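Thanks, everyone, for making the time.

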Amino acid sequence: MTKVNHPFNKTYVLILASGLGKRFASEMPKQFHKLESHSILEHSIQRFEDNKNIDEIIIVTNPLFLDLVETIIKANDYKKVSKIIKGGETRRESSYNGIMEIDDENSIVLIHDAVRPLVNDKIINDCVEKLKIANAVAVAIPASDTIYKINDKAIIDDIPKRKFLLQAQTPQGFSTKLIKKAHKKALNDISTDFSDDVSLVYKYKLAEIHWVLGDENNIKVTYPIHEEFAKIILKTKFK
C-alpha cells in the first residue's frame with residue numbers, strides 16, 4: 001500500500017509487554033498465552049505490522065523474557081520491529097524506557113498495551129489522523145454502565161452522569177516531543193502514580209487531549225475469561 005503523507009517524519013508504535021500478569025493467575029505472562037496459533041503479543045504486533053501508517057515498532061518487555069520476545073520476532077520475520085528493550089518496575093517506567101529510544105522528535109508515537117490484541121485498522125488510522133491536528137489523543141468508548149465514585153471510607157459519594165464518562169483503551173498517541181516532556185517531568189515528581197500516558201499529559205497540562213472512538217472488541221486481556229472472549233472475537237471479526 002502507498003504510504004500516506006504525514007506532517008511528521010515517522011510514526012512509531014511502542015508496545016508495552018512488560019507485565020507479569022499477576023491478576024491472570026498464571027506462571028507465564030498473559031501476553032505470551034496463545035489465541036489460536038499465535039500468542040497475544042504476536043496478534044498485537046501483527047495489527048501494527050500490517051497497518052500502512054506505521055513505520056517502526058518498539059517492543060518493551062520484562063528482562064526475564066527478552067530472549068523469548070527475540071525468538072518470536074525472528075520466527076515471524078516482522079519487518080517493522082526495530083528494537084526490543086527492557087521494561088521497568090512500573091508501566092510508567094516501561095513507557096519512559098521506550099519513548100527515550102526514539103531519537104526523532106519530529107515524529108509521533110502510539111503507545112499500546114500488548115494485551116489488547118484485537119485493535120483494528122480504523123482505531124490506528126483515526127489516531128494517526130487526529131495527530132495531524134493534535135499533540136495528544138486517547139482512544140475510548142462511551143461508558144455503558146453507571147459508575148460509582150467512592151471515598152476513602154469505601155462509601156459512594158458521587159454518581160457522575162454517564163454521558164460525560166468514557167472507558168479508556170489503547171493505543172494512546174502523542175507527538176514524541178510532548179510525551180518525552182511529560183515523562184521527564186514525572187521523573188522528579190514523587191507523587192506520580194499513573195496508570196497510562198494520557199494521565200501524565202493531563203496532570204502537567206501540557207496539551208489538550210483529544211479522543212477518537214475505540215471499539216468494544218478492543219478488549220484488554222486481564223483475567224482468564226477475557227482470553228476466552230478474545231478467542232471468540234478473533235474467530236468472528238478477524239477471519
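Let me start with a question: which residues are exposed on the other side of α2? Please keep in mind, while you look, that this is a predicted model. The exposed residues there are Asp67, Lys74 and Ala75. The buried residues of the helix, for their part, are Leu66, Val69, Ile72 and Ile73, and because these cover an arc of only 125° around the axis, they sit on the same side of α2. As for what they pack against, the partners of these buried residues are β3 (38–39), α1 (40–49), β4 and β5 (81–86). Just after the helix comes Asp77, which takes a positive phi of about 55°.

Now to the aromatic rings, where a pair is described by the distance of the centres and the angle of the planes. The count for this model comes to 2 aromatic pairs. In one of them, the rings of Phe32 and Phe65 have centres 5.3 Å apart and planes at 40°, so this pair is classed as tilted. Phe32 belongs to the loop between β1 (11–17) and β2 (34–35), while Phe65 belongs to the loop between β4 (56–61) and α2 (66–76), and the pair therefore ties together parts that are 33 residues apart in sequence. Phe32 counts as buried, at 9% relative accessibility, and Phe65 also counts as buried, at 16%.

Phe194 and Tyr204 also form an aromatic pair, this one edge-to-face, with 6.5 Å from centre to centre and 65° between the planes. Since Phe194 lies in the loop between α5 (176–187) and α6 (197–203), and Tyr204 in the loop between α6 and β11 (210–213), this pair ties together parts that are 10 residues apart in sequence. Phe194 is buried, with a relative accessible area of 18%, and Tyr204 counts as buried at 18% relative accessibility.

Finally, I turn to the second largest pocket, which holds about 220 Å³ of space. Its lining is made up of 13 residues, and those that lie nearest its centre are Ala138, Ala140, Leu166, Ile209 and Trp211. At least two lining residues are supplied by each of β7 (136–142), β10 (166–175) and β11. What is the division of this lining into nonpolar, polar and charged residues? There are 10 nonpolar residues, 2 polar and 1 charged.

Methods: Residues numbered from 1 in each chain as written. Predicted model: local features only at pLDDT ≥ 70, side-chain atom pairs only at ≥ 80, totals over all residues. Heavy atoms only, no water. Phe/Tyr/Trp six-rings, centres within 6.5 Å; stacked < 30°, edge-to-face > 60°. Helix = DSSP H or I, 4+ residues; strand = E, 2+ residues; numbered from the N terminus. Buried < 20%, exposed > 50% of the residue type's maximum accessible area, 1.4 Å probe, protein only. Arc of directions from axis to C-beta. Contact = heavy atoms within 4.5 Å. 1 Å grid on protein atoms, 1.4 Å probe; cavity = no way out; pocket = protein on both sides within 12 Å on 5 of 7 lines; lining within 4 Å. Points joined across faces, edges and corners; volume = space filled by probe spheres on them. Nonpolar A, V, L, I, M, F, W, Y, C, P; charged D, E, K, R; others polar.
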